[in-house]
Amino acid sequence: MKTKLAKWILNLFGWKVVGLVPPEKKFVCIVAPHTSFWDFIWGRLGYWSIGISANFLIKKEFFVWPIKRILRNMGGIPINRKQARNTVEHCVKLFDIKEKLALTITPEGTRKYTVKWKKGFYYIAKQAQVPLYIGFIDYQKKETGIFKKFEITGDFDKDFAEIQNLLRGHVAKFPEKYSLSCVQ
């Protein structure tokens, strides 16, 4: 039911989901660009349309009544952004204890313009020993999806440069807020 409804809504608004469906039960997927709350809406509908119940990291300040329960039911995982190191450890532990976990992360870490991307996604996938997938959203084409399984080499700088090259060319809702310049 959820899959059909998501497909119908996406179609109604002219959006398509393209790319692949990861076969693994556990993986990390980064998605960029992330410049609008609408990215979440189209991404969530995209996941539902291909039958994936993805989890996502969201700052703990959003976990208040009345939306706390909604966020948890949608797969939200609260994080304390002031304790970034704990976030990687916490996510790795989640992969250890959960039978199924599709963790979606926006490496920009914010919808605002930032010149520094977060790199925790890389270390979560590496330490949890789960695949890393590259996803996107493109407002010009009205497409979202997952387009590549990325093989982590352990050379962060080389891998990150390749990841950013893969994400070039996708148009954000607010292009002036999207940057592919460096990491934090």
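Reader: Where does leucine 12 lie?
Author: Leucine 12 lies in helix α1, which covers residues 2–12. Helices are DSSP runs (H or I, at least four residues), numbered from the N terminus. This is a predicted model, in which local features need pLDDT of at least 70 and side-chain atom pairs count only at pLDDT 80 or more, while totals for chains, interfaces and linings use all residues. Residues are numbered from 1 along each chain as its sequence is written, and side-chain values use heavy atoms, leaving out hydrogens and water.

Reader: Is leucine 12 buried or exposed?
Author: Leucine 12 is exposed, as its relative accessible area is 54%. Buried means under 20% relative accessible area, exposed over 50%, and partly exposed in between (1.4 Å probe, protein chains only).

Reader: Now the rings: how many aromatic pairs are there?
Author: The structure holds 14 aromatic pairs. In the pair of tyrosine 122 and phenylalanine 156, the ring centres are 4.9 Å apart and the planes stand at 85°, so this pair is edge-to-face. Rings of Phe, Tyr and Trp (its six-membered ring) pair if their centres lie within 6.5 Å; planes under 30 degrees apart count as stacked, over 60 as edge-to-face and the rest as tilted.

Reader: Which helices hold tyrosine 122 and phenylalanine 156?
Author: Tyrosine 122 is in helix α5 (residues 120–128) and phenylalanine 156 in helix α6 (residues 156–167), so the pair ties together parts 34 residues apart in sequence.

Reader: And is tyrosine 122 buried or exposed?
Author: Tyrosine 122 counts as buried, at 1% relative accessibility. Phenylalanine 156 is buried too, with a relative accessible area of 9%.

Reader: Which residues do ring pairs link into a cluster?
Author: The cluster consists of Trp117, Phe121, Tyr122, Tyr123, Phe156 and Phe160.

Technical notes. Helix = DSSP H or I, 4+ residues; strand = E, 2+ residues; numbered from the N terminus.
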